[in-house]
There are 2 protein chains.
Amino acid sequence: MPPVSSPFPHTQPVELSKCYRLLNHGPTVLVSAAHGERRNVMAAAWSMPLDFAPPKVAVVIDKNTLTRSLVEASGGFALHVPCKAQADIVLAVGSATGREVDKFERLGLRSTDGRRVDAPLIEGCVGWMECRLVPEPHVQQAYDLFIAEVVAAWADERAFGQGRWHEELPDALRTLHYVAGGRFFAIGEGLDARSAL
Amino acid sequence: MPPVSSPFPHTQPVELSKCYRLLNHGPTVLVSAAHGERRNVMAAAWSMPLDFAPPKVAVVIDKNTLTRSLVEASGGFALHVPCKAQADIVLAVGSATGREVDKFERLGLRSTDGRRVDAPLIEGCVGWMECRLVPEPHVQQAYDLFIAEVVAAWADERAFGQGRWHEELPDALRTLHYVAGGRFFAIGEGLDARSAL
């Protein structure tokens, strides 16, 4: 992969062989997409890694969303790992529809273009994955499930480095894990396990 | 659904309409399955809810696992949400293969039979979902991805009730979120978001 500039300050590329680690602990994500002049971003609690190499992800994108029509038209999207400082934004982009509101404008979201996929990357997150759709029309239609290959990944070096989330980090940069009704958990303390076998 | 007895002390049924909440915040899970005289359990960091009603889940189960052959033979499995007190067990069942070791015996795992699916339920977890496979041979083969309907769900009432994880609970009952190399995060503190729109 030729070098490309990092999208934001404090941001470093994540090796593709390690990018599943951005999602491995189950954070709530943002999904952005663009097509032509339109762009949108939504929240998704339902996403997961699907493979290591090439890295793949799976995410549920409801039929009613503008994001879905943009993903289907453009063949790509960006997954973002937002942090505690962004909880109000995550709730807002998960509550409003881009068919009625320009969420970027209304929320003052700063973004830059994806380096490899036509999808906006939103500033202030702690992880980003640019994803190319692996078309699976049956699972998209039957389960609202989208499978994609990760073609570029980035992380805020204050939160993630050497292929791992840092455990000592500013509280505002902890990842979010959605409960319901506007309530989240932040990720907590690390612990070591020793195999009992 | 006719009443059936709860599998363990402190355990209550979870309404099926709310059972996605057991997985919504992204915990690492255990997957158990049985067929004939054989049974097994493995760990999986890659699972997520897939639908509300009827509730569905998706989980990645590698081709090399004994659990997978049991799931394919029996058409069902149980997802468990383990807790901090079980971290060593989660690592152990995620490291050893049931083709070589009877993990139940070696680890002294206490279990009971699933109420609706032929899969063991392991004591000491904080959530359980009994799942019937929705056969999708192509996605199973191409992505190791298994889709299932949840037909019964249970939770430890000290950790989950009224359709939500408790935020004040014994530390040992916090859910686990896998990082890598035997390291987990425990879930942390709750926070309220207010939509910025």
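Copies of the chain are superposed by least squares on the C-alpha atoms of residues with pLDDT of at least 70 in both. In this predicted model, a rotation of 180 degrees with 0.0 Å of shift along its axis brings chain A onto chain B, at an RMSD of 0.0 Å. That is the relation of a two-fold axis. The copies meet through the same surface, because 100% of the interface residues of chain A are also interface residues in chain B. An open sheet of four strands includes strands of both chains, in the order 13(A)-14(A)-14(B)-13(B).

**Overall form of chain A**

- Chain A contains four helices and 14 strands. Its radius of gyration is 16 Å, close to the 16 Å that the globule rule gives for 197 residues, so chain A is as compact as a globular protein of that length.
- The C-alpha trace of chain A spans about 50 × 35 × 35 Å along its principal axes.
- Of the 197 residues of chain A, 59% count as buried. The chain exposes about 7900 Å², and carbon and sulfur atoms supply 47% of that area.
- Contacts in chain A between residues at least 6 apart in sequence include 68% that join residues at least 24 apart.

- Strands of a sheet pair through backbone hydrogen bonds, either parallel or antiparallel. In the four-stranded sheet 13(A)-14(A)-14(B)-13(B), the pairing is antiparallel.
- Strand 13 (176-180) of chain A and strand 13 (176-180) of chain B stand at the edges; each has a single partner strand, so one side of each is left without a neighbour in the sheet. From one strand to the next, the twist averages 40 degrees.
- In chain A, four bridges join strand 13 to the antiparallel strand 14 (residues 183-192). Within this pair, A:H177 stands opposite A:F185 of strand 14.
- In chain B, strand 13 and strand 14 (residues 183-192) likewise pair in the antiparallel sense over four bridges, and B:H177 stands opposite B:F185 of strand 14.
- Strands 13 and 14 of chain B form a hairpin with two residues between them. In its turn, B:G181 has a positive phi of about 55 degrees.
- Strand 13 of chain B is largely enclosed by the rest of the structure, because four of its five residues are buried.

**Helix 1 of chain B**

- The buried residues of helix 1 (residues 66-74) of chain B are B:L66, B:T67, B:R68, B:L70 and B:V71.
- These buried residues pack against five strands and one helix of chain B, namely strand 2 (29-35), strand 3 (38-44), strand 6 (76-81), strand 9 (127-133), strand 10 (145-156) and helix 4 (137-143).
- Just after helix 1 of chain B, B:G75 takes a positive phi of about 80 degrees.

**Backbone geometry**

- Most residues other than glycine have a negative phi, and most peptide bonds are trans.
- A:A53 and A:P54 are joined by a cis peptide bond, with omega about -5 degrees. A:P54 lies in the loop between strand 4 (47-51) and strand 5 (56-60) of chain A.
- A cis peptide bond also joins B:A53 and B:P54, with omega about -10 degrees. The loop that holds B:P54 is between strand 4 (47-52) and strand 5 (55-60) of chain B.
- A:D144 is not a glycine, yet has a positive phi of about 60 degrees. A:D144 lies in the loop between helix 4 (137-143) and strand 10 (145-156) of chain A, and is buried, with a relative accessible area of 13%.
- B:D144 has a positive phi near 60 degrees, again in a residue other than glycine. B:D144 is found in the loop between helix 4 and strand 10 of chain B and counts as buried at 14% relative accessibility.

- A:S5 is found in the segment before strand 1 (11-13) of chain A. With a relative accessible area of 47%, A:S5 is partly exposed.
- A:S5 and A:R115 are 110 residues apart in sequence and 8.1 Å apart in space, C-alpha to C-alpha.
- Not counting residues up to four places away in sequence, A:S5 touches A:R115 and A:W154.

Note on methods:
Residues are numbered from 1 along each chain as its sequence is written. Chains are lettered from A and ligands numbered from 1 in the order in which they are written. This is a predicted model: local features need pLDDT of at least 70, side-chain atom pairs count only at pLDDT 80 or more; totals for chains, interfaces and linings use all residues. Side-chain values use heavy atoms; hydrogens and water are left out. Contact means heavy atoms within 4.5 Å. Two strands pair if DSSP finds at least two bridges between them. Axes are lines fitted to C-alpha atoms, for helices over the stretch in contact, and angles run from 0 to 180 degrees between N-to-C directions. The radius of gyration is taken over C-alpha atoms; the globule rule is 2.2 Å times the number of residues to the power 0.38. Buried means under 20% relative accessible area, exposed over 50%, partly exposed in between (1.4 Å probe, protein chains only). Accessible areas come from the Shrake-Rupley method with a 1.4 Å probe; for residues, only the protein chains shown count as cover.
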